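Here is a walk through one chain fold, taken feature by feature. Keep the view open while reading.

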Amino acid sequence: MDFDDAHVARLNDNPLYRALGIRVERVAGGAARASLAPTASACWPMPDQPHGGVLFTLLDTTTAWAAMSHGEDGDGCVTVDCSIQYAAPARHAPFTCVAATTRRAGRTVFMRAEVLDAQGAPVALGQATFRLVKARPAG
């Protein structure tokens, strides 16, 4: 399921993303792209350099949206595992996270992602595993 512009706008309308400076750009075909223009409060303890946990949140949520694109409208997912390797200091904002599916086995989806700085250099690499969950019927 590809996320249309209205769906992406709803993803971006949340207090966590506003507080950190995350913005989902595209979700389609088992892939997703999001950006991070870190807010001042996301840059601690180094000014103008986002905390590693902020990069982890960017990577985790971007891979989750990509995994969810394998489901049907309203379905969700839960993180089974997520790991990140920090390749370089995150000094050159804005950052872009690109996530892609590497394998799907039933309701389990395996993902890889990278976070690139404004110069195109990788600052973080990661992989994640998600379990797709069906939407609960209303009522």
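Buried means under 20% relative accessible area, exposed means over 50%, and partly exposed lies in between (1.4 Å probe, protein chains only). This is a predicted model, in which local features need pLDDT of at least 70, side-chain atom pairs count only at pLDDT 80 or more, and totals for chains, interfaces and linings use all residues. Residues are numbered from 1 along each chain as its sequence is written, and side-chain values use heavy atoms, with hydrogens and water left out.

Start with the salt bridges. The term covers a side-chain nitrogen of Lys or Arg within 4 Å of a carboxyl oxygen of Asp or Glu. Side chains of opposite charge can pair when their charged atoms come close. The whole structure holds 4 salt bridges. One of them pairs Asp 13 with Arg 18, with 3.0 Å between the closest N and O atoms. Asp 13 counts as exposed because its relative accessibility is 56%.

Next comes Glu 25. Its side chain meets that of Arg 33 in a salt bridge of 2.8 Å, N to O. Glu 25 is partly exposed at 39% relative accessibility. Arg 33 is partly exposed too, at 31%.

Glu 25 also has a polar partner, Ser 35. Their side chains are joined by a polar contact of 3.1 Å. Such a contact is a pair of N or O atoms within 3.5 Å; within protein, one must be able to donate a hydrogen and the other to accept it, and residues adjacent in sequence count only if both atoms are side-chain atoms.

Where does Ser 35 lie? Its place is strand 2, residues 31–36. Strands (E, at least two residues) and helices (H or I, at least four) are DSSP runs, numbered from the N terminus. Ser 35 is buried, because its relative accessibility is 16%. Leaving out residues up to four places away in sequence, Ser 35 touches Gly 21, Ile 22, Arg 23, Glu 25, Leu 58, Phe 95 and Thr 96. Contact here means heavy atoms within 4.5 Å.

Now the backbone. Most residues other than glycine have a negative phi, and most peptide bonds are trans. Asp 48 has a positive phi, near 65°. It sits in the loop between strand 2 and helix 3. Pro 45 is placed in the loop between strand 2 and helix 3 (52–68). A cis peptide bond joins Pro 45 to Trp 44, with omega about 10°. Another cis bond joins Ala 93 and Pro 94, with omega about 0°.

Finally, Glu 72 and Lys 134 form a salt bridge, with their closest N and O atoms 3.4 Å apart. Glu 72 lies in the loop between helix 3 and strand 3, and Lys 134 in the segment after strand 6 (122–133), so the pair ties together parts 62 residues apart in sequence. A network of salt bridges links Glu 72, Asp 75 and Lys 134.
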